[in-house]
Amino acid sequence: MSDTVKNLNEMMGKLKDVEEVFKFGKKMLPVVENFISFISDFIPIIEEVNGSIEETRSKIPEASKQINNVTNATELAITEVLDVVDQIHEQVNNIDECLTDMVSARHSTEELINNLNNEIQDNTKAKELLDKISSKIDVGLDLEMMKNKLKDIISKTDQITMSLQVQDITAQQLAAVNHLIISVQHKLSNLLAVFNLSDKDTFATENLELPGTHFDPNASYNKSSSGQDIVDSIISNEKASQDDIDKLFS
Amino acid sequence: MNRKFLIVDDSNTMRRIVVNTLKSLGYTEYVEAEDGKVALEKLQADNSINFVITDWNMPVMTGLELTRAIRANENTKDLPILMVTTRGVKDDIVQALQARVSNYVVKPFTPQILKEKIDLVLSN
């Protein structure tokens, strides 16, 4: 076979390949058309998602500010409550001191009445008058009972004070939420930037600075003594093995 | 011996609650600090402080870092340190003990618990 015939055969083979490509392209055309149509429909959806993400992202600073406001307002209110509790303490202590003086004065008066009673044994009229005076002094004033009531008031105000620890615990919980939502804002910004849907430098609202993690995310207001019991068990087992410590938590 | 407490907590509320509790227990001398760094400065400036009550979670310097700093200093290494914190999980407690806190109280605490732990630390 001459070279010319050989070249023609090769050319025919390549033309058949080209024909196959055109046939494949003809089959693929509807698929490509559908794909383009799909993309055309998808772009507004992406833009909508982009808008939603940006809207959510831009609302985070306000949410964070509100959380901080709640923390500050609560701390201020608790400070006011503590001020009032301190005033109650002071006033109760003053009343207690007065009552102590009254108890002491009453004892002195009783002693004087007894002495006077001994001096006027033979004077019936004077004794009657003295009995009347004595009964007036007693007038049902149970000073010791009143002092005990004051102790109850102090005890109850102490309970109020201890319950106010809830402010520190909720402040830590709110700080944890604040940290979380600011982290979400940073993630959303990164997401928008990765998809080139928004330029990081052109955000309407800037990213908030991520606050430090000086809070306990697991803080909880639990008045049972179980938490302290665990601590005490560990401390008493301080020299025990790690396995022994683990058993306390199993 | 007179007791002078250093109360370290970033929460103003908690510092007041600890102060009020100490007063009700008869302890009237105290200084306050809002973080570990300020606490160290106060310790350096006032050598009459002989008991530290510290929170764990604080900005700038945590209670754990403060404890390590106090233990690492020749002048303060033997100071009683009571950790008062919300952190009550095993790893935290073990970590605090390894840093050599004298005792550990979980918030919310009662005056009885605070008294018990102060007495225990002082008796040791």
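Predicted model: local features only at pLDDT ≥ 70, side-chain atom pairs only at ≥ 80, totals over all residues.

Tutor: Residues are numbered from 1 along each chain as its sequence is written, chains are lettered from A, and ligands are numbered from 1, in the order in which they are written.

Student: How do I read the packing of two helices, and at what angle do α1(A) and α3(A) cross?

Tutor: Two packed helices are described by the angle between their axes and the distance between the axes. Here the axes of α1(A), residues 3-119, and α3(A), residues 143-163, come within 10 Å and cross at roughly 165 degrees; axes are lines fitted to C-alpha atoms, for helices over the stretch in contact, with angles from 0 to 180 degrees between N-to-C directions. The two are therefore roughly antiparallel, a word kept for angles over 145 degrees, with under 35 being roughly parallel, 65 to 115 roughly perpendicular and the rest oblique. Their crossing is left-handed, meaning that the near helix is turned anticlockwise from the far one by less than a right angle (clockwise would be right-handed).

Student: Which residues meet there?

Tutor: Among them are A:Leu82, A:Val92 and A:Leu99 in α1(A), and A:Leu150, A:Ile153 and A:Thr157 in α3(A). Contact here requires C-beta atoms, placed from the backbone, within 7 Å. By class this contact has 14 nonpolar, 3 polar and 3 charged residues, where Ala, Val, Leu, Ile, Met, Phe, Trp, Tyr, Cys and Pro are nonpolar, Asp, Glu, Lys and Arg charged, and the others, Gly among them, polar.

Student: What does the contact between the chains take from each?

Tutor: It takes 31 residues from chain A and 29 from chain B, and α1(B) gives the largest share of the chain B side, 7 residues. The axes of α1(A) and α1(B) come within 10 Å and cross at roughly 20 degrees, which makes the two helices roughly parallel. In that contact A:Glu75, A:Ile78, A:Thr79 and A:Leu82 of α1(A) meet B:Asn12, B:Thr13 and B:Arg16 of α1(B).

Student: Where do the buried residues of a helix lie around its axis, as in α3(B)?

Tutor: An α-helix has 3.6 residues a turn, so residues three or four places apart point the same way. In α3(B), residues 63-72, the buried ones are B:Gly63, B:Leu64, B:Leu66, B:Thr67 and B:Ile70. They fall within an arc of 160 degrees, so they line one face of the helix, the arc being that of the directions from the helix axis to the C-beta atoms.

Student: Which residues are buried in α2(B)?

Tutor: They are B:Gly36, B:Ala39, B:Leu40 and B:Leu43, and they cover an arc of only 100 degrees, which puts them on the same side of α2(B). The face turned away from that side carries the exposed residues B:Glu41 and B:Ala45.

Terms used. Contact = placed C-beta atoms within 7 Å. Helix = DSSP H or I, 4+ residues; strand = E, 2+ residues; numbered from the N terminus. Buried ≥ 20, exposed ≤ 12 C-beta atoms within 10 Å, placed from the backbone.
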